[in-house]
Amino acid sequence: MTINNKLKYRKVSVAVFLIFILAVTGLQAQSSLNASGNVALGNSGSVSYSIGQVFFTTTSGTNTSIAEGVQQPYEISNVTGIEQTISKRMNIQVYPNPTTNLLKLSVDSLKTSILIYELLDINGKLINSKKIINNIEYIYLGNLPSAIYFLKVSIANKEVEIFKIIKKS
């Protein structure tokens with residue numbers, strides 16, 4: 001081997017070694033101290049989730065939004081508003097959310113007597129259903145476990161609004 005070839009071989013060896021060192025020291029796995037987590041399975045697939053992470057990325061599509069790898073704040077939002085013209089004419093509020101025992105449903109409408117609310121669990125199982133008689137209805141959740149629930153307000157069997165309710169202990 002000539003001196004030129006030895007120098008080229010040495011340079012290549014040093015370069016490969018440096019790339020290896022940079023790759024090994026530069027690679028870091030994501031890690032977090034999580035409070036909880038699980039895998040949700042369904043007919044359409046599965047979702048792994050954890051609670052207690054600090055960083056996130058949000059991906060949005062036409063009908064959906066996914067926040068990846070994060071600690072999610074309590075989300076207070078309307079899930080859907082199917083009858084837009086009806087829901088624009090009446091102001092429906094649910095508070096406090098998150099709640100521990102008592103949920104207040106407030107409806108500013110003259111026709112509250114034709115409204116019905118349904119409290120559903122995360123699987124869509126009906127827990128409670130009642131005709132809305134007053135502009136303010138109180139819904140007792142103290143006997144329910146901490147979880148996410150949905151409160152559906154309907155008029156003539158048409159959904160007006162669905163609220164995501166967070167019940168905490």
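Ser154 sits in strand β11 of this predicted model. Its relative accessibility is 10%, under the 20% limit, so Ser154 counts as buried. What does Ser154 touch, leaving aside residues up to four places away in sequence? Its contacts are Ile114, Leu115, Ile116, Glu159 and Val160.

Not counting residues up to four places away in sequence, Ile139 touches Asn101, Leu102, Leu103, Leu105, Tyr117, Leu119 and Leu151.

Leu151 leads on to Phe163. The two are 12 residues apart in sequence, yet their C-alpha atoms are 5.1 Å apart in space. Phe163 lies in strand β12. With 6% relative accessibility, Phe163 is buried, because the limit is 20%.

Now turn to the sheet. Three strands form an open, antiparallel sheet in the order β6-β7-β10. Its edges are β6 (91-95) and β10 (136-140), each of which pairs on one side only. On average, neighbouring strands are turned by 15° against each other, direction ignored. Strand β7 covers residues 102-108 and pairs with β6 over 5 bridges. Within this pairing, Gln93 stands opposite Ser106 in β7.

Charged residues come next. Side chains of opposite charge can pair when their charged atoms come close. How many salt bridges does the structure hold? There are 3.

One joins Glu118 and Lys152, at 3.1 Å from N to O. This pair links distant parts of the chain: Glu118 is in strand β8, Lys152 is in strand β11, and 34 residues separate them. Lys152 has 17% relative accessibility and so counts as buried. Lys152 also meets Glu159 in a salt bridge, at 3.6 Å from N to O. Glu159 is partly exposed, with a relative accessible area of 24%. Through shared partners, Glu118, Lys152 and Glu159 join into one network.

Another salt bridge pairs Lys130 with Glu137, with their closest N and O atoms 3.1 Å apart.

Conventions. Residues numbered from 1 in each chain as written. Predicted model: local features only at pLDDT ≥ 70, side-chain atom pairs only at ≥ 80, totals over all residues. Heavy atoms only, no water. Pairing = 2+ DSSP bridges. Helix = DSSP H or I, 4+ residues; strand = E, 2+ residues; numbered from the N terminus. Axes fitted to C-alpha atoms, helices over the stretch in contact; angles between N-to-C directions. Contact = heavy atoms within 4.5 Å. Buried < 20%, exposed > 50% of the residue type's maximum accessible area, 1.4 Å probe, protein only. Salt bridge = Lys/Arg side-chain N within 4 Å of Asp/Glu carboxyl O.
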